[in-house]
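Trainee: Could you walk me through this one? I'd like to start with a single residue and then widen the view.

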Amino acid sequence: MAIETIVEVILWTASAQVLSDFAARHFVFSKESYLRSVANFERAKARRDKLASSMPKTQVDIPAPTSAPAPTGKKGKKGTGGPSSDQRRLAKAEEELAQQSTEVAARHSVPGMLSSVLFLILFRVLGAKHGGKVVAVLPFEPFQIVRRLTARGLPEDSPTAACSILVIYMLVTQTVRVVMKQFFSVQPPAGAGATSFLDTSKAQKLMKSFGVEEDLKEARKMFS
């Protein structure tokens, strides 16, 4: 019974992950909009790397201010305390790269969210089928705090080493999904970190038009 249930969970998890990956590949990652975002990111990264490699390391490490103008002398010439033209170009290239990275990563966030919803539905289905049943037995007696997780949904008279479907599902999803993603998932380009839709340029313009940009920034700082 335990082996059959574990194999069933593995098969359902692998099938759901493959289905999610192929759906994301077809509806998102093969579209012109995603390919264009990746191309823009690669161009911005190459431009940033080219500027950084052409500058001395001492200038690359100095952040270029974007708000305060460079001080001027009596004859209207710029002083020596402000950033150089190369530093300003590098700062602009870094800003463009960050924006393009956010655009690419945001397109990966939607398939990831839908995949999480799919696996939540799968857990509810498996939980309804195997709820209240001892799916596996541990070779040791877990601590009381661990047993609250392993025996979740089981009758009170179950053995102390008994495991419910929750533990098996968590272990399988953490292993099978990782393996399946290595073969079927589309990974974002190197350097395009994970982000949310609120970090995209479209969302920033929308929040600015409603006048809630600063409020959301403060709220995200509180919960970060």
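Trainee: Which helix does Thr5 lie in?

Mentor: Thr5 belongs to helix H1, residues 2-29, where helices (H or I, at least four residues) and strands (E, at least two) are DSSP runs numbered from the N terminus. This is a predicted model, in which local features need pLDDT of at least 70, side-chain atom pairs count only at pLDDT 80 or more, and totals for chains, interfaces and linings use all residues. Residues are numbered from 1 along each chain as its sequence is written, and side-chain values use heavy atoms, with hydrogens and water left out.

Trainee: Is Thr5 buried or exposed?

Mentor: Thr5 is buried, its relative accessible area being 2%; buried means under 20%, exposed over 50% and partly exposed in between, with a 1.4 Å probe and protein chains only.

Trainee: And what does Thr5 touch?

Mentor: Leaving aside residues up to four places away in sequence, Thr5 touches His130, Val135 and Ile165, a contact being heavy atoms within 4.5 Å.

Trainee: Switching to H2, which residues are buried there?

Mentor: In H2, the buried residues are Tyr34, Ser37, Val38, Phe41, Ala44, Arg48 and Leu51. They lie on the same side of H2, because they cover an arc of only 155° around the axis, taken from the directions from the helix axis to the C-beta atoms.

Trainee: What covers them?

Mentor: The cover over the buried residues of H2 includes H1 and helix H4 (85-130), while the face turned away from the buried side carries the exposed residues Glu32, Lys50 and Ser53.
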